[in-house]
Amino acid sequence: MNKKQLRLTSRSLFWLKGLMHCIGLLPIIYLVLLVLNDKAGGDPVQYIIHYTGTGALNALVATLLISPLAKKFKQGLLLQTRRLVGLYVFAYASLHILAFFSLDLLFAWGLFFEEVVKRPYILVGAAGYLLLTALALTSFKAVMRKMGKRWQKLHNAIYLIALLIPVHFYWSVKSEIIEPILYFLIMGLLLGLRLKQTRWWKQLSIKNSLRGRQINSQP
Amino acid sequence: MTIINKAAWDKFKDCDVTPEEVYHDRRRILKQMGFVGAGALLSSRANAGVFDLFSSEEEKAAFARVALPHAKQTEYDHLLYGEQTPENKVISHNNFYEFGTSKTDPVDNAQGLTVNPWQLVIDGEVDTPLTLDYDDILKMLPLEERIYNFRCVEAWSMVIPWVGFSLAKLLKKAGVKSNATHVAFETLYDPEQMPGQKNRYSGGGINYPYVEGLTLAEAMTDLTFMSVGLYGKTLPPQNGAPIRLVVPWKYGFKSIKSIVRIHVTDKQPRSSWNLLAPSEYGFYANVNPQVDHPRWSQASERRIAAGGLFSAKRIPTLPFNGYGDLVSGLYDGLNLRKNF
């Protein structure tokens, strides 16, 4: 088959984005149906908080998967879907926090400051959400252009978020740690794929190759 | 690679080539084989929901519960704070890691538990060790209904009408020896029936069987209850059928379920959550709004009550879950911050 035919076109990108919107929205519709049909367990509040949190985490995995996929299959245009998926991470995280404030804390701000700050897992999650908010607010093309090189620097925070959120998850559970650990592994893998792009790795490999040459050049 | 043409493929339906019991049990089998994503591990209930909503797959038959004749005991009703939690919520929101770690796993996975025949052994420092079968459990002592506050260590709570008898009455039948100081309890260990016991990590890291314990004074207090039913009927398995402990002034994990052994002893018994995380769960585990869990506050609780999503309430947690007048005397001279 001709390789050219496999290239993503801007037309197919349009449809791909449409599909991604469907994948992003369907779980929300499903959740609404579950809650309306009384299928979200005896405590729908906890269910919704957990569901939207896991949704944000899954979207985060999807975001981080895009550039390795684009590289592997040489589909540069695919990178243009990162903003869309990234904003779904923000949307799910926002729903997660909104559900926590409205359904669990019932907007008791006093309670929030009194007792919630005692919960380190919430502080870690909140830090992740603040970073995520910064990324969402700077996701517009105009802001991107204005920020120039600083934009990329800021948006590298997604890697920090990728570590903070599984910590938040791991810390929040009583002892059912399999799932948080799976996310740690997935994030580790996704970050590991990027290791070669880091300055640290490049310097390390330069050093190694220099050392290799020295050893070889010894009589 | 074999190429299957469409005609040949169409000849067979899934159910033709799969033994029926495997077909109906496929989700559990897939789970056991480990073919689940991180998301699916989270809630088998959600997956079941897809089928409920969008096709007509039957749910597994629910465990059959029988009505229990009982008298109403209202002596402790004035200590209740809040309306009763509706039955459907009491039996669908459970922590019973033997059947999975999510709140909806027990109702999904426990319906097939065999409770008859059952054997409950009462032994150790007693005059006459007893072995009770299923009928003995339900008929040996007159049953009464008691409505108790129930507070989980995870900061949610319910108000539940239990049916059963006080533990003290049962222990008196066996006759507690004078050197006894504590009572130990043990849940059924049966990995065939309890999938969470198959692998230590699928069961939340607990080293099964689940064990719990009380001091003898705690065990002999009338408030300490052996429940065989709720809402006038026998317990469903997810709530600890056929017999469980209910200690309303302690966090829910002390109220051990599906008990097979009560061992009267002269040593402080081990307890499962304390063994797993001693810095987070103490032996006493009395409800105490002043002593936080290391990772979250215990000052308030979300009350699971009647009504939909927006009727949830957050209420302050009371010392000893509201039963302080009756039980605080058991801890005179004990530092409850240290002995949490």
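**Figure 1. Chain A of the predicted model has 10 helices and zero strands.** From the N terminus on, the order of elements in chain A is α-α-α-α-α-α-α-α-α-α. The C-alpha trace of chain A spans about 75 × 45 × 40 Å along its principal axes. Chain A contains 219 residues, and 26% of them are buried. For contacts in chain A with a separation of 6 or more, 64% are between residues 24 or more positions apart.

**Figure 2. Helix H2 (residues 44-72) and helix H3 (residues 82-104) of chain A cross at roughly 165°.** The axes of these two helices come within 8 Å. Angles over 145 degrees count as roughly antiparallel, so H2(A) is roughly antiparallel to H3(A). The crossing of H2(A) past H3(A) is left-handed. The contact of H2(A) with H3(A) includes 17 nonpolar residues, together with six polar and two charged ones.

**Figure 3. Chain B has both helices and strands, 13 of each.** Chain B has 340 residues, of which 41% count as buried. Among contacts in chain B between residues at least 6 apart in sequence, those that join residues at least 24 apart make up 70%.

**Figure 4. The largest nonpolar core has 68 residues.** B:Phe185, B:Met226 and B:Val228 are the residues with the most contacts inside this core. Strand S5 (residues 156-166) of chain B contributes six residues, the most to this core. In soluble globular proteins, nonpolar side chains tend to be buried together.

**Figure 5. Surroundings of B:Val228, one of the residues with the most contacts inside the largest nonpolar core.** Neighbours within four places in sequence are left aside here. Beyond them, B:Val228 is in contact with B:Leu68, B:Ile137, B:Leu138, B:Leu143 and B:Val163, and also with B:Gly164, B:Thr234, B:Leu235, B:Pro242 and B:Ile243. Another core lies apart from the largest one and has 20 residues, including A:Val85, A:Leu135, A:Ile165 and A:Phe169.

**Figure 6. The contact between chain A and chain B takes 33 residues from chain A and 32 residues from chain B.** On the side of chain B that touches chain A, at least two residues each come from helix H5 (38-42), helix H6 (44-54) and strand S12 (300-303) of chain B. The residues on this side of chain B are 13 nonpolar, 10 polar and nine charged.

Terms used. Residues numbered from 1 in each chain as written. Chains lettered and ligands numbered in written order. Predicted model: local features only at pLDDT ≥ 70, side-chain atom pairs only at ≥ 80, totals over all residues. Contact = placed C-beta atoms within 7 Å. Helix = DSSP H or I, 4+ residues; strand = E, 2+ residues; numbered from the N terminus. Nonpolar A, V, L, I, M, F, W, Y, C, P; charged D, E, K, R; others polar. Core = buried A, V, L, I, M, F, W, Y, C linked by C-beta atoms within 7 Å. Buried ≥ 20, exposed ≤ 12 C-beta atoms within 10 Å, placed from the backbone. Axes fitted to C-alpha atoms, helices over the stretch in contact; angles between N-to-C directions. Parallel < 35°, antiparallel > 145°, perpendicular 65-115°, else oblique. Left-handed = near helix turned anticlockwise from the far one by under 90°.
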